[in-house]
Amino acid sequence: MARGVTPRQPAKTGRQEGVKAKARAGWVRVEKARAGTAATARPGGSKKPAPARTKRYNPTAPERVGEILKRLDQQYPDVTCALHHKTAWELVVATILSAQSTDVNVNRVTPELFRKYPTVQDFAALKPEELEPDVRSTGFFRNKSKSVVGAAKKIVADFGGKVPDNMDDLLTLPGVARKTANVVLGTWFKKNVGVVVDTHVHRISRRLELTKNNDPKKIEQDLMKIIPQDKWTLFSHQIIWHGRKLCIARSPKCAQCPLEHICHAEDKTWTTVETHKGARA
Ligand code: SF4
């Protein structure tokens, strides 16, 4: 090692010191918004020759996506849906109730709910108003009651009391959109028909630059193009767990994250790599 050169250590504060340190040393790092365009310039204008450009950064390159999947498998090997359920119908109900709520909250409500109304026929016999007090604590309880009772009536009337196992039929149920259908198909029927895009998958896919879209349908399409189909359900569950444990919305725990070295999110709380403008929820 050359004399006077001190190996770089992560800052104890958890903050990056690179920019200030380089400025003190008489160098200014000029970050341009896009990856691969960083240039190093001396104060006063004379530029250090830029290193020959190699490959343009591609956040959805198969090697990078493969690395993300590998790290998720290591961190979250056997994760599944956190909503408690014993039947496909219970999973439909729990997923409808989980909109704008937390799984913990829903899991608090459903044991008593399913004890009181054990079958889909019991729910189909209700008026939505009768269900409202039981699901009130999950929020948006009037709409949710309407959806659950409506879905139960449709399943009893058109599907012989059985939850359908395909996307087209599931989407005919009141209150069931692609997210709920994907949860039921992937978790209960073990069918990889799509990727569940909830708030966690939305946020983290954007932070990891796997999509530039904001519309859940478009995000799902982007993810389906780059994630192998046999991983769609597992990937959804892994990202949802990652969003709960580490990649939290307001304050992600980047220093503990197994994806840190390949994540360029603009709103990281700690980083060893350059961040990319726009890579955020
Ligand atoms: S490094 Fe931070 S922002 Fe990136 S995925 Fe991990 S926790 Fe999320």
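User: Among contacts between residues at least 6 apart in sequence, what share joins residues at least 24 apart?

Analyst: This is a predicted model. Take the contacts in the chain between residues at least 6 apart in sequence. The share of them that joins residues at least 24 apart is 53%.

User: How many helices and how many strands does the chain have, and in what order do they run?

Analyst: The chain has twelve helices and two strands. From the N terminus on, the order is α-β-β-α-α-α-α-α-α-α-α-α-α-α.

User: What part of the chain is buried, and what part of its accessible surface belongs to carbon and sulfur atoms?

Analyst: The chain has 281 residues, and 43% of them count as buried. Its accessible surface is about 16200 Å². The part that belongs to carbon and sulfur atoms is 53%.

User: How is the pair of Trp 89 and Phe 123 arranged?

Analyst: A pair of aromatic rings is described by the distance of the centres and the angle of the planes. The structure holds three aromatic pairs. For Trp 89 and Phe 123, the centres are 5.5 Å apart and the planes are at 70°. Planes over 60 degrees apart count as edge-to-face, so this pair is edge-to-face.

User: Which parts of the chain does that pair tie together?

Analyst: Trp 89 lies in helix α3. Phe 123 lies in helix α5, residues 120-124. The pair therefore ties together parts 34 residues apart in sequence, helices α3 and α5.

User: Why is the pair of Phe 114 and Phe 123 edge-to-face?

Analyst: The two ring centres lie 6.3 Å apart. The planes are at 65°, so the pair is edge-to-face.

User: Are Trp 89, Phe 114 and Phe 123 buried or exposed?

Analyst: Buried means under 20% relative accessible area. Trp 89 has 7%, and Phe 114 has 11%. Phe 123 has 0%. Trp 89, Phe 114 and Phe 123 are therefore buried.

User: Which residues form the aromatic cluster?

Analyst: Phe 123 pairs with Trp 89 and with Phe 114. The one cluster also takes in Tyr 117. Its members are Trp 89, Phe 114, Tyr 117 and Phe 123.

User: What is the volume of the second largest pocket, and which residues are closest to its centre?

Analyst: The volume of the second largest pocket is about 780 Å³. There are 29 lining residues. The closest to the centre are Ser 98, Ser 101, Asp 103, Lys 179 and Asp 198.

User: Which element gives the largest share of the lining of that second largest pocket?

Analyst: The elements that give two or more residues are α3 (88-97), α4 (103-116), α9 (178-188), α10 (199-207) and α12 (232-245). By class, the lining has 13 nonpolar, twelve polar and four charged residues. The largest share is four residues, and they come from α12.

User: How many residues of α9 are buried, and what covers them?

Analyst: α9 has eleven residues and is mostly covered. Eight of them are buried, namely Thr 180, Ala 181, Asn 182, Val 183, Val 184, Leu 185, Gly 186 and Thr 187. The cover includes α3, α8 (167-170), α11 (216-226) and α12.

User: Where does Phe 140 lie, and is it buried or exposed?

Analyst: Phe 140 lies in the loop between α6 (128-135) and α7 (141-158). Its phi is positive, near 45°. With a relative accessible area of 54%, Phe 140 is exposed.

User: How many cavities of 30 Å³ or more are found, and which residues are closest to the centre of the largest?

Analyst: Rolling a probe the size of a water molecule over the atoms shows where empty space is left. The search of the whole structure finds one cavity of 30 Å³ or more. The largest cavity holds about 120 Å³ of space. Of its 16 lining residues, the closest to the centre are Cys 247, Pro 252, Cys 254, Cys 257 and Cys 263.

User: Which classes make up the lining of the largest cavity?

Analyst: Ten of the lining residues are nonpolar. The others are one polar residue and five charged.

Definitions and conventions: Residues are numbered from 1 along each chain as its sequence is written. This is a predicted model: local features need pLDDT of at least 70, side-chain atom pairs count only at pLDDT 80 or more; totals for chains, interfaces and linings use all residues. Side-chain values use heavy atoms; hydrogens and water are left out. Buried means under 20% relative accessible area, exposed over 50%, partly exposed in between (1.4 Å probe, protein chains only). Contact means heavy atoms within 4.5 Å. Accessible areas come from the Shrake-Rupley method with a 1.4 Å probe; for residues, only the protein chains shown count as cover. On a 1 Å grid over the protein atoms alone, a cavity is a set of points where a 1.4 Å probe fits but cannot get out, and a pocket is an open set with protein on both sides within 12 Å along at least five of seven lines; lining residues have an atom within 4 Å of a point. Grid points are joined across faces, edges and corners, and a volume is the space filled by probe spheres set on the points. Ala, Val, Leu, Ile, Met, Phe, Trp, Tyr, Cys and Pro count as nonpolar, Asp, Glu, Lys and Arg as charged, and the others, Gly among them, as polar. Rings of Phe, Tyr and Trp (its six-membered ring) pair if their centres lie within 6.5 Å; planes under 30 degrees apart count as stacked, over 60 as edge-to-face and the rest as tilted.
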